[in-house]
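Here is a short briefing to read alongside the model. Please keep the 3D view open as you go through the points.

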Amino acid sequence: MAYLQITLQVDPAHRAAAAGVYEKYKQPFLDTAPGALSKELLVRDEDVQVLHGFRSVADARTYLASELFTRDVVGGLAPLMEADPDVRVYDTV
């Protein structure tokens with residue numbers, strides 16, 4: 001199993017809109033992204049994180065290059081972010 005962790009700097013005033021983007025694309029992600037297993041929204045005072053579960057690191061990297069991610073998700077979140085996202089891919093052992 002692998003995880004894709006994306007940390008976003010989103011002003012608290014825009015967090016509801018960011019959560020809306022998450023909700024809008026959660027099911028399409030689960031239904032169409034190869035190897036997708038889960039997707040969770042984690043909210044802290046400092047930032048917002050989206051944690052994606054995949055069968056493999058290759059599946060996570062494929063999603064990062066997909067139109068669903070690059071066009072839809074990033075396009076929806078870009079106006080809400082205060083900085084570039086921190087994107088990390090982890091493999092489990």
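Helices (H or I, at least four residues) and strands (E, at least two) are DSSP runs, numbered from the N terminus. With that naming, Thr-62 sits in helix H2, which spans residues 57-64. This is a predicted model, in which local features need pLDDT of at least 70 and side-chain atom pairs count only at pLDDT 80 or more, while totals for chains, interfaces and linings use all residues. Residues are numbered from 1 along each chain as its sequence is written, and side-chain values use heavy atoms, with hydrogens and water left out.

**The sheet**

- Four strands make up an open sheet in the order E2-E3-E1-E4, with antiparallel pairing; two strands pair if DSSP finds at least two bridges between them.
- At the edges are strand E2 (36-43) and strand E4 (86-91), each of which pairs on one side only.
- From one strand to the next, the twist averages 15°; axes are lines fitted to C-alpha atoms, for helices over the stretch in contact, and angles run from 0 to 180 degrees between N-to-C directions.
- Helix H1 (residues 15-32) packs on the sheet and touches E2 and E3, and its direction makes about 170° with that of E2; contact here means heavy atoms within 4.5 Å.

**How the strands pair**

- E2 and E3 form a hairpin with four residues between them, and their antiparallel pairing runs over seven bridges.
- Along that pairing, Glu-40 stands opposite Leu-51 in E3, and Ala-36 has Phe-54 as its bridge partner in E3.
- E1 and E3 also pair in the antiparallel sense, over seven bridges; here Ile-6 stands opposite Val-50 and Leu-4 stands opposite His-52.
- E1 and E4 pair in the antiparallel sense over six bridges, with Tyr-3 opposite Tyr-90 in E4.

- Buried means under 20% relative accessible area, exposed over 50%, and partly exposed in between (1.4 Å probe, protein chains only).
- Six of the seven residues of E1 are buried, so E1 is largely enclosed by the rest of the structure.
- E3 is likewise largely enclosed, because six of its seven residues are buried.

**Thr-7 in E1**

- Thr-7 lies in strand E1 (residues 2-8) and is buried, with a relative accessible area of 10%.
- Its side chain makes a polar contact with the side chain of Gln-49 at 3.4 Å; a polar contact is a pair of N or O atoms within 3.5 Å, where within protein one must be able to donate a hydrogen and the other to accept it, and residues adjacent in sequence count only if both atoms are side-chain atoms.
- Leaving out residues up to four places away in sequence, Thr-7 touches Asp-47, Val-48, Gln-49, Pro-85 and Asp-86.

- Phe-54 belongs to strand E3 (residues 48-54) and counts as buried, at 0% relative accessibility.
- Beyond residues up to four places away in sequence, Phe-54 touches a set that includes Met-1, Leu-4, Phe-29, Ala-36, Ala-60 and Tyr-63.
- The largest nonpolar core has 20 residues, and those with the most contacts inside it are Leu-4, Leu-8, Phe-29, Phe-54, Tyr-63, Val-73 and Leu-77; a nonpolar core is a set of buried Ala, Val, Leu, Ile, Met, Phe, Trp, Tyr and Cys residues joined through side-chain atoms within 4.5 Å.
- Two or more residues of this core come from each of E1, H1, E3, H2 and helix H3 (67-77).
- Leu-4 is in contact with residues including Val-50, Phe-54, Tyr-63, Leu-64 and Val-89, leaving aside its neighbours within four places in sequence.

- Val-57, Asp-59, Ala-60 and Tyr-63 are the buried residues of H2.
- Seen down the axis of H2, these buried residues fall within an arc of 160°, so they line one face of the helix; the arc is that of the directions from the helix axis to the C-beta atoms.
- The buried residues of H2 pack against E1, H1, E2, E3, H3 and E4.
- On the other side of H2, Ala-58 and Arg-61 are exposed.
- Thr-62 is partly exposed, with a relative accessible area of 43%.
- Thr-62 and Ala-33 are 29 residues apart in sequence and 8.3 Å apart in space, C-alpha to C-alpha.
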